[in-house]
Amino acid sequence: MSEQPDREAEPPPLVLGYVAGAHGVHGTVRVHLHDRGSDALASGRRVTLRPEGGAAVEHEIESVADVPGKPQRRRVGLVGVADRNAAEALRGCTVIMQRDQLPPLAEDEFYLADAIGLPVERERDGAVQSLGTIVGLASNGVQDLFEVQWRDSGGRSRPWLLPMLPDHVVDIDEHRVRVDLPLGLLPDGLEDPQ
């Protein structure tokens, strides 16, 4: 029996948002995006819609337009979804896109979802301090936040939020997120006693 070569797993598809409901009578849906600045939804690209507990279905995007006054919402026309009833049936579906459908990233860009599972560290006086592990993403409406879990001295898991600001996040690679944080941003158990 021979061993298979060790291959790097293909990165998972990205969750872009969810279908918030129907828009109009011609089958257009309102998509709420997790990243308000995302330009991933575009005519000709394919998305997968996954209802909770149901089978995922792939659709080609026919049209995309902003929803006035709602920066995280887009009106999306899907090939084969032709009326309000069909669009309303998609309410609540998670909107997923394969990475080969996404626009290319610039050299200094990354997908926030790729940071989930990475340790957060900071360097102080030549020593590296572990600040926990990224377990999720959040937003306060103004900025993106990493949800970080760490264990206190009693072994209890504690959460804290890391703002995704250039002043705070020094470097991100496939192994870790390195930060430089102002006093008061960390939970008391992680703050430098000095």
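**View 1. Contacts of Leu78 in the predicted model.** Apart from neighbours within four places in sequence, Leu78 is in contact (heavy atoms within 4.5 Å) with Val29, Val47, Leu49, His59, Glu60, Ile61, Glu62 and Leu90. The model is predicted, with local features requiring pLDDT of at least 70 and side-chain atom pairs counting only at pLDDT 80 or more, while totals for chains, interfaces and linings use all residues. Residues are numbered from 1 along each chain as its sequence is written, and side-chain values use heavy atoms, with hydrogens and water left out.

**View 2. The largest nonpolar core.** A nonpolar core is a set of buried Ala, Val, Leu, Ile, Met, Phe, Trp, Tyr and Cys residues joined through side-chain atoms within 4.5 Å; buried denotes under 20% relative accessible area, with a 1.4 Å probe and protein chains only. The largest such core has 22 residues, and Leu41 and Leu78 have the most contacts inside it. At least two residues of this core come from each of strand 1 (14-23), strand 2, strand 3, strand 5 and strand 6 (94-97); strands are DSSP runs of E, at least two residues long, numbered from the N terminus. Strand 1 gives the most, with 4 residues. A second, separate core of 17 residues includes Ala115, Trp160, Met164 and Leu181.

View 3. A cavity is a set of points on a 1 Å grid over the protein atoms alone where a 1.4 Å probe fits but cannot get out, and its lining residues have an atom within 4 Å of a point. Points are joined across faces, edges and corners, and the volume is the space filled by probe spheres set on them. The count is 1 cavity of 30 Å³ or more, and the largest cavity holds about 40 Å³ of space. Its lining consists of Val29, Val31, Leu41, Val47, Leu49, Val76, Leu78 and Val95. Strand 2 (28-33), strand 3 (46-50) and strand 5 (70-78) each supply at least two of the lining residues.

**View 4. Strand pairings of strand 6.** Two strands pair if DSSP finds at least two bridges between them. Strand 1 and strand 6 run antiparallel and are joined by 4 bridges, with Gly17 opposite Val95 of strand 6. Strand 3 is also antiparallel to strand 6, through 3 bridges; Arg50 has Thr94 in strand 6 as its bridge partner.

**View 5. The hairpin of strand 9 and strand 10.** Strand 9 (residues 144-151) pairs with strand 10 (residues 157-163) in the antiparallel sense over 7 bridges. Leu145 stands opposite Pro163 in strand 10. The hairpin has 5 residues between the strands, and Gly155 takes a positive phi near 85 degrees.

Technical notes. 1 Å grid on protein atoms, 1.4 Å probe; cavity = no way out; pocket = protein on both sides within 12 Å on 5 of 7 lines; lining within 4 Å. Buried < 20%, exposed > 50% of the residue type's maximum accessible area, 1.4 Å probe, protein only.
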